[in-house]
Amino acid sequence: MQSFNPPIRTLMGPGPSDVHPRVLQAMARPTIGHLDPYFIEMMDQTKQALKYAFKTQNELTMPVSAPGSAGMETCFANLVEPGDKVIVCINGVFGNRMKENVIRFGGEAIVVEDKWGEAITIEKVEQALKENPDTKILAFVHAETSTGAQSDAKALCALADQYGCLNIVDAVTSLAGTELRVDDWGIDAIYSGTQKCMSAPPGLSPISFSKRAIQKLSNRKIPVTSWFLDLNLVMGYWGKGTKRAYHHTAPVNTLYGLHESLVMLMEEGIENSWARHKQQHETLKLSLEAMGIKFLVKERDRLPQLNTVWIPEGADDALVRSTLLNEYNLEIGAGLGDLAGKVWRIGLMGHSARNENVLLATAALKEVLSR
Ligand SMILES: *Cc1c(COP(=O)(O)O)cnc(C)c1O
């Protein structure tokens, strides 16, 4: 057995994306106790900065000590009670997982489906809300990483509110990559991940809950069935003040990484981060289109940070991707589900969204395809 030395890759798939060297350096700093006053100070700063990133004043804003899927599960575990009707929008892989969560926590899932590669159709959701006036929650994915489609989170949250529902929003790929305003849009429960547009490694899931969401949680008739994800307990650890009770051992060094990525996000400015993703997407788009490569998602609904393109005719999906990896140290993503073998997913997320990556990806793809 020897030390593990991974190759240096350029990560342009659906995540994880490139981690900024400053974040890696922060993670190599000495581990301290998770109840050390210095650590608690760092936790407070992290919560504060996450409020900035989410554009919210929500007191309950913190990173769950596990990847995005755990953030998803936190939202459903705490807010869905047995028998609750939840409308779930499905237009890709992650909507399906939301439905699975609703069922496992004893809720009734009403599914509103759209084609993969399309945004959620507002009219269909409104129809479902009309037909199910006893709906408690509307759940949807803001940025579908499996297809590269972006849905209108603002309109969907307004609609949920109009019909007296709470909303749960998957922002794993949208946070820091595209416009997202938790308070202005009236988002009740939101979760994200650190390895997509935050330039940090996987392993943490920032979440935020509104007052209305906390009210539903407080009024539960039965306790949250997951012990680890029960926010009533977690907040004894992440909550206000210096009297913190041990709940679990926070991933100390991973949190140093998130903290540094938030310092960098605040230096750049969140709006500038959204603009950078958009600008890199435009450059990539022009280069790909010049090569005759076409996008899956129609222009209006495209996510800048996840570019799903049709594989050109005659190109061998697996061979192209493995050649890019082996000869250019460049990772791009494969298609999922029905799109497997038909599309590539080229990510421009976080530290990956920069000029040299776009140049490398287009030049390498051009060269490999020309063989
Ligand atoms: C990546 C992703 C997840 C899951 O996050 P993990 O960190 O892999 O658990 C959930 N939803 C969306 C939209 C994602 O892109």
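**Pocket, ligand site and cavities**

About 510 Å³ of space lies in the largest pocket. The model is predicted. The lining of this pocket comprises 25 residues. Those nearest the pocket centre are Q150, S151, D152, R300 and D301. Two helices, helix 6 (153-162) and helix 11 (270-290), each contribute at least two lining residues. Helix 11 gives the most, with four residues.

The ligand was examined next. The residues around the ligand are P67, G68, S69, F94, V141, A143, T145, D170, V172, T173, Q195 and K196. Five residues of this shell are nonpolar, five are polar and two are charged. For S69, a polar side-chain atom lies 2.5 Å from an oxygen atom of the ligand. For Q195, the distance from a polar side-chain atom to a ligand oxygen atom is 2.7 Å. For K196, a polar side-chain atom is likewise found 2.7 Å from an oxygen atom of the ligand. Taken alone, the ligand exposes 380 Å², and the protein buries 88% of that area.

A143, one of the residues around the ligand, belongs to strand 6 (residues 143-144). A143 has a relative accessible area of 2%, under the 20% cut-off, and therefore counts as buried. Along the chain, A143 and L359 are 216 residues apart. Their C-alpha atoms are separated by 25 Å.

The largest cavity has a volume of about 60 Å³. Its lining consists of M62, P63, V64, S65, T74, F228, L229, L231, V234, W238, H247 and H248. Strand 2 (60-64) and helix 9 (231-238) are the elements that give two or more residues to this lining. Eight residues lining the largest cavity are nonpolar and four are polar, with no charged residues.

The second largest cavity has a volume of about 30 Å³. L288, L324, L330, I332, I346, A361, T362 and L365 form the lining of the second largest cavity. Helix 13 provides the largest share, three residues. Seven residues of the lining of the second largest cavity are nonpolar, one is polar and none is charged.

A further site was found at S352. This residue lies in the loop between strand 13 (343-347) and helix 13. The relative accessible area of S352 is 0%, under the 20% cut-off, so S352 counts as buried. A polar atom of the S352 side chain lies 2.7 Å from the backbone oxygen of L11. That distance is within 3.5 Å, so the pair falls inside the cut-off for a polar contact.

Key. Residues are numbered from 1 along each chain as its sequence is written. This is a predicted model: local features need pLDDT of at least 70, side-chain atom pairs count only at pLDDT 80 or more; totals for chains, interfaces and linings use all residues. Side-chain values use heavy atoms; hydrogens and water are left out. A residue is near a molecule or strand if one of its heavy atoms lies within 4 Å of it. A polar contact is a pair of N or O atoms within 3.5 Å; within protein, one must be able to donate a hydrogen and the other to accept it, and residues adjacent in sequence count only if both atoms are side-chain atoms. Accessible areas come from the Shrake-Rupley method with a 1.4 Å probe; for residues, only the protein chains shown count as cover. Ala, Val, Leu, Ile, Met, Phe, Trp, Tyr, Cys and Pro count as nonpolar, Asp, Glu, Lys and Arg as charged, and the others, Gly among them, as polar. On a 1 Å grid over the protein atoms alone, a cavity is a set of points where a 1.4 Å probe fits but cannot get out, and a pocket is an open set with protein on both sides within 12 Å along at least five of seven lines; lining residues have an atom within 4 Å of a point. Grid points are joined across faces, edges and corners, and a volume is the space filled by probe spheres set on the points. Buried means under 20% relative accessible area, exposed over 50%, partly exposed in between (1.4 Å probe, protein chains only).
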